[in-house]
Amino acid sequence: MSYDRTVRLATTDFEAAVTAVRRALADQGFGVLTEIDVTATLKAKLDHDMEDYLILGACNPPLAHRALEADRSIGLLLPCNVVVRRDGDHVLVQALDPGTMVTLTGLDALRPVAEEATARLDAALAALS
């Protein structure tokens, strides 16, 4: 089962890619609530060097509200994680497929929320390529 939506960017400039991802998400109504710099964390905690890897916790408040009204436990899957990471000479942007909420919970009430979130995330990803 595929659980991601991924685009490979033409740019090799990681910081420019992160800026573009933030802008594309904002254009679709998503704010970034959290940011985890995995590269820096692993370096600081384990002295491990790895490629650029950033997790953005994106949230569209109206969609999050609708999902929480359908299932209070859905907060375990919120916010929508978007990963920006270096992959060789490229930068990948990956978003968790919102349909995973429906698959994991089996709740049809979440389907319209997942479909709208998917459409918005796909639009954001398409704007990057």
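Since the model is predicted, local features need pLDDT of at least 70 and side-chain atom pairs count only at pLDDT 80 or more, while totals for chains, interfaces and linings use all residues.

Let's start with the fold. The protein has five helices and five strands, taken as DSSP runs (helices H or I, at least four residues; strands E, at least two) and numbered from the N terminus. Their order from the N terminus is β-α-β-α-β-α-β-β-α-α.

On to overall dimensions. The C-alpha trace spans about 40 × 35 × 25 Å along its principal axes. Among contacts with a separation of 6 or more, 67% join residues 24 or more positions apart; contact here means heavy atoms within 4.5 Å.

What about burial? Of the 129 residues, 36% count as buried, that is, under 20% relative accessible area, with exposed over 50% and partly exposed in between (1.4 Å probe, protein chains only).

How many disulfides does the rule give? The count comes to zero, a disulfide being a pair of cysteine sulfur atoms within 2.5 Å. Cysteine 59 is in no disulfide, and the nearest cysteine sulfur, that of cysteine 80, is 7.5 Å away. Cysteine 59 is buried, at a relative accessible area of 15%. Cysteine 80 counts as buried too, with 15% relative accessibility.

Thanks, and happy to chat!

Definitions and conventions:
Residues numbered from 1 in each chain as written. Heavy atoms only, no water.
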